[in-house]
2 protein chains.
Amino acid sequence: MKRSERLVDMTKYLLEHPHKLISLTFFAERYDSAKSSISEDLAILKQTLASNQSGILETVAGAAGGVRYIPYVGKDQTEEYVLDLAKRIEDPNRILPGNFVYLSDILNDPEDLRRIGEIVATRYAYDDIDAVMTIETKGIPLAQSAARYLNVPFVVARKRNKVTEGATMSVNYISSSLEIISKMGLPTRALPKGARVLVIDDFMKGGGTLVGMEQLVHEFEGTVAGAFVLCEADIKKDKMMEDYVSLIKITQIDHQKKLISSEIGNFLARTDFDRI
Amino acid sequence: MKRSERLVDMTKYLLEHPHKLISLTFFAERYDSAKSSISEDLAILKQTLASNQSGILETVAGAAGGVRYIPYVGKDQTEEYVLDLAKRIEDPNRILPGNFVYLSDILNDPEDLRRIGEIVATRYAYDDIDAVMTIETKGIPLAQSAARYLNVPFVVARKRNKVTEGATMSVNYISSSLEIISKMGLPTRALPKGARVLVIDDFMKGGGTLVGMEQLVHEFEGTVAGAFVLCEADIKKDKMMEDYVSLIKITQIDHQKKLISSEIGNFLARTDFDRI
C-alpha cells in the first residue's frame, strides 16, 4: 500500500481509537509494509496534528511500545469555542420559569458535543480516568462524548431504581435546585471497584448532585479524579463542592426581566495546557 | 503544505463533519494549495475508504459542489459485528427478574456505540433524516451515536415533564412491557415542524414505545423516516409496529432456567447495501 493510502487509513484508525496503544507491528501487518515506513508515516501524522494543535500522537518506545492518539484542543481554540458558547447561552428565550435554562439544543447537537467532549478529554487526558459518571438525563450526552474521546465507559446514575438494571447501590443527596433530599443509584455491576471516575453534569447550582455522585463513587471504593459541569450558576455563593471545573458561568438570570448573562467558567484557569 | 500532511488533516476534518458538503475552495484555502491538488488528494481518500469499505466520499460537481463524507459499514463487517454482539448478549448473567435484559455495558461502551452508530447511519444515509428521536433513558446513547454519524441533532422524549424544558407536547402510549398506559413528552422547541425523524430505542417488546414516538412525531407534523431498535424480543408475537429494523433478536429468555438465546435481527434483510 502506498504512503498516501496508509496515511488516510491510519488517521482514521487512530481517531477511532483514542488513548489506545497501537503497536507498530499492527500497522506493519495491516499495510504489509516495513516498520521503518510505518515510523515515517507516524512522524508525518504526529507533526501534522501538532502543528494544528488538533491532537497529540504519543510514541511509546520498547518492545511493548507503539503509538497512542490523544485528542487535544489547544487553549486558544478552547477559549474561542467557549466564548462563542457563552454568547449563545445569553439568549433570553432560554430562560424558563424558576430561572432554569434551556440547554437541550446544545446538549443534543453533534457538533457541540464533539467540541465539548474533546475539550473535556483534553483536560483529563493524563488523569488515568477509568470511567465517566453522570446522572440522568441531561448529563448523559456530555458524559458519553467525554467518554468517547477518553475511550472509557460511562455510567449513568438513576434517580429511580429500574427493573432493567438489577442490584443497585443507592445514596441520598441534596438536590439544591429543588431543595429536597433525593436518591440516586447505580447498578452494582456497572462500575468496577476502585475506579478513578470523572464526574460530569450539565448544570450546577449548589453542587449537591456532584456531592451525591462523589458519595456514590466512594460506595464503589473509587476515587473522584475530576468533576466537570457545562454550566455553573453563580447565584448561590455557598457551593457544597469546591473542586470542580466549569466551562460556562451564568452570572445573572432573571425570568421576569428576561435577563441572562454568562461568561467563561473556571475551566481555562484550572487547566494547565502546558502539562498536557 | 505537503500532500501527506494535507491527507492527514483532510481525513480528520472529513471524519469530524460527516454528511456535510465541503467545498474544494475551503480545502484549497485551508492548505494554500491549488484546487487541482486538492482534487487529487480527495481521489486518494475516496479510493482508500472505498477499498476498505469504511466510508464513502461523495463528489458533488458544479459551482455549489464539493465533497461529502458518508460513514459506511459494509454488509460483511456489519454481519460480523452483529454476530459477535448476539453472542455477547447470550450471557445468562444478563437476565434480570421479569425477563429483562441487562445491556448497559454495551450501551455505555464507546467502541460499541461507535460501531452501532455507524451501522445505523449507513442504513439511513440516504433517507434525508433531519433528526433522531429517542425516549429516556437507555435509548439516549444509541440516538446520540447515530445522530453523530448522520450529523443531525437528536431529541429525547421524557416520561415526566421537566421544569427545565419549557412548553411540552405530550402523547399517551401503551408501554407493553409494563402493560400500562404512560405518557411521553417533548419540548415544543426541541423539534422543528415537518421534520423527517429516525426513531430509535434500545429494546422492543410489543412496539408500544415506538408507536408512542411515532405519534409524537406526527404531533410535530413530521414523518417517521425509520424506526430502529438494538434488540427486539421475539416473545410477544403481535407487534404494534410492523415497519421497524432490529440489530438483534432475542428468541428465548427465561430467568428461572437462566436461559437466553439471541440471533441477528431483521437489519441485514431490511437493508439494501447496494443502494448505499
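Modeller: Let's start with a polar contact: the side chain of B:Glu232 pairs with the side chain of B:Ser246 at 2.8 Å. Keep in mind that this is a predicted model.

Colleague: Okay, and where in chain B is B:Glu232 found?

Modeller: In strand β10, which covers residues 223-233 of chain B.

Colleague: Is B:Glu232 buried or exposed?

Modeller: The general idea is that buried means under 20% relative accessible area. B:Glu232 has 2% relative accessibility, so it counts as buried.

Colleague: Which residues is B:Glu232 in contact with, leaving aside neighbours within four places in sequence?

Modeller: B:Ser246 again, plus B:Met204, B:Lys239, B:Tyr244, B:Ile248, B:Lys249, B:Ile250 and B:Asn266.

Colleague: Now the nonpolar cores. Which residues touch the most other members of the largest one?

Modeller: That core has 96 residues, and A:Ile116 and B:Ile116 touch the most other members. Apart from it there's another core, of 36 residues, including A:Leu15, A:Ala28, A:Ile44 and B:Leu15.

Colleague: And what does B:Ile116 touch, not counting residues up to four places away in sequence?

Modeller: B:Tyr81, B:Leu85, B:Ile106, B:Leu142, B:Phe228, B:Leu230 and B:Leu247.

Colleague: Why does A:Ile174 count as partly exposed?

Modeller: Partly exposed is the band between buried, under 20%, and exposed, over 50%. A:Ile174 counts as partly exposed because its relative accessibility is 42%.

Terms used
Residues numbered from 1 in each chain as written. Chains lettered and ligands numbered in written order. Predicted model: local features only at pLDDT ≥ 70, side-chain atom pairs only at ≥ 80, totals over all residues. Heavy atoms only, no water. Buried < 20%, exposed > 50% of the residue type's maximum accessible area, 1.4 Å probe, protein only. Core = buried A, V, L, I, M, F, W, Y, C linked by side-chain atoms within 4.5 Å. Contact = heavy atoms within 4.5 Å. Helix = DSSP H or I, 4+ residues; strand = E, 2+ residues; numbered from the N terminus. Polar contact = N/O pair within 3.5 Å; in protein donor to acceptor, adjacent residues only side chain to side chain.
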